[in-house]
Amino acid sequence: SNLAIKLLYDEIDYPYSDVAISSATKICAGIFWIRLPTSFITPDHVNVWLLADGDSWTLIDTGSNANLTKKTWSELLKTQFKDRPIKRIICTHHHPDHVGLNLWFKELFSQKTYMTAIEYELLAGQLSRYNPTHNRMIEEFYIQNGVNNIELLQLPKCPNDDQSFELDVVIKNGDYIKIGGRTWRI
């Protein structure tokens with residue numbers, strides 16, 4: 001249940017629990033950790049990363065397609081990160097709080113979006129209005145793990161049916177990507 005999930009999160013000891021949601025924390029030169037609000041009860045935030053990449057930024061995950069998340073990004077982009085555009089987004093996985101603002105950023109910056117093929121396939125299944133097989137498979141997974149029908153209706157929903165996602169570059173396990181003079185392995 002949502003209460004059980006909340007209790008689980010309450011019991012986890014986070015070493016940086018005092019970092020505010022809607023804030024950016026400099027981890028080291030050129031790497032920022034950003035805690036973005038979500039529209040979910042638990043977890044109430046998602047962690048994304050902004051990496052300096054020459055004269056631009058590479059963003060790791062976007063946050064959810066929610067007005068509060070957009071407002072947070074708008075403020076950060078006007079203040080703390082106004083010095084360079086985002087040229088690339090790497091989406092780590094298909095969850096809506098990690099890919100939800102892909103098109104919003106594309107409108108702002110015309111960036112390239114990177115993701116693995118398997119995660120893109122999972123996302124495409126979620127975004128499809130006419131994919132009852134995929135939707136039933138997800139429901140069965142939750143039911144097999146103890147979620148009842150009432151709780152199933154309360155779970156966070158995938159991105160809206162009218163939302164879409166544009167993938168520009170397929171990456172795969174073992175690939176290397178250069179970001180800001182550092183080499184990162186997928």
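This report covers the fold, strand pairing, salt bridges and aromatic contacts of a predicted model.

## Overall make-up

The protein has 186 residues, and 41% of them count as buried. Seven helices and nine strands make up its secondary structure.

Among contacts with a separation of 6 or more, 61% are between residues 24 or more positions apart. The exposed surface comes to about 11,100 Å². Carbon and sulfur atoms supply 55% of that surface.

Strand 3 spans residues 45-53. Seven of its nine residues are buried, so strand 3 is largely enclosed by the rest of the structure.

Strand 3 pairs with strand 2 and with strand 4. Strand 2 covers residues 31-37 and runs antiparallel to strand 3, with seven bridges between them. Strands 3 and 4 form a hairpin, with two residues between them. Glycine 54 sits in the turn and has a positive phi of about 70 degrees.

## Salt bridges

Side chains of opposite charge can pair when their charged atoms come close. The whole structure holds five salt bridges. One of them joins aspartate 53 to arginine 88, with an N to O distance of 2.6 Å. Aspartate 53 belongs to strand 3, while arginine 88 belongs to strand 5 (residues 86-90). The two residues are 35 residues apart, and their pair links distant parts of the chain. Both aspartate 53 and arginine 88 are buried.

A second bridge connects aspartate 168 and lysine 106, whose closest N and O atoms are 2.7 Å apart. Aspartate 168 lies in the loop between helix 7 (149-154) and strand 7 (169-171), and lysine 106 lies in helix 4 (residues 102-109), so the bridge ties together parts 62 residues apart in sequence. How exposed or buried is lysine 106? Its relative accessible area is 15%, and buried means under 20%, so lysine 106 counts as buried. Aspartate 168 is partly exposed at 36% relative accessibility.

Aspartate 83 has 52% relative accessibility; exposed means over 50%, so aspartate 83 counts as exposed. Arginine 84 is partly exposed, with a relative accessible area of 23%.

## Aromatic pairs and charges over rings

The model contains nine aromatic pairs. In one of them, the rings of tryptophan 57 and phenylalanine 81 have centres 5.2 Å apart. Their planes stand at 90 degrees, so this pair is edge-to-face. Tryptophan 57 is in strand 4 and phenylalanine 81 is in the loop between helix 2 (67-78) and strand 5, so the pair ties together parts 24 residues apart in sequence. Tryptophan 57 is buried, at 3% relative accessible area. Phenylalanine 81 is buried too, at 1%.

Phenylalanine 141 and tyrosine 142 make another edge-to-face pair, 5.7 Å centre to centre and with 65 degrees between the planes. Tyrosine 142 is partly exposed, at 32% relative accessibility. Elsewhere, ring pairs link Trp73, Trp104, Phe105 and Phe109 into a cluster.

Two arginines from the salt bridges also sit over rings. Arginine 88, bridged to aspartate 53, lies over the face of tyrosine 114 at 5.4 Å from the ring centre.

## Leucine 123

Which residues does leucine 123 touch, leaving aside those up to four places away in sequence? They are His94, Val99, Met115 and Phe165. Leucine 123 lies in helix 5 (residues 117-127). Its relative accessible area is 1%, and buried means under 20%, so leucine 123 is buried. Proline 96 is 27 residues away from leucine 123 along the chain, and their C-alpha atoms are separated by 8.6 Å.

Note on methods
Residues are numbered from 1 along each chain as its sequence is written. This is a predicted model: local features need pLDDT of at least 70, side-chain atom pairs count only at pLDDT 80 or more; totals for chains, interfaces and linings use all residues. Side-chain values use heavy atoms; hydrogens and water are left out. A salt bridge is a side-chain nitrogen of Lys or Arg within 4 Å of a carboxyl oxygen of Asp or Glu. Helices (H or I, at least four residues) and strands (E, at least two) are DSSP runs, numbered from the N terminus. Buried means under 20% relative accessible area, exposed over 50%, partly exposed in between (1.4 Å probe, protein chains only). Contact means heavy atoms within 4.5 Å. Accessible areas come from the Shrake-Rupley method with a 1.4 Å probe; for residues, only the protein chains shown count as cover. Two strands pair if DSSP finds at least two bridges between them. Rings of Phe, Tyr and Trp (its six-membered ring) pair if their centres lie within 6.5 Å; planes under 30 degrees apart count as stacked, over 60 as edge-to-face and the rest as tilted. A charge sits over a ring if NZ of Lys or CZ of Arg is within 6 Å of the ring centre and within 35 degrees of the ring normal.
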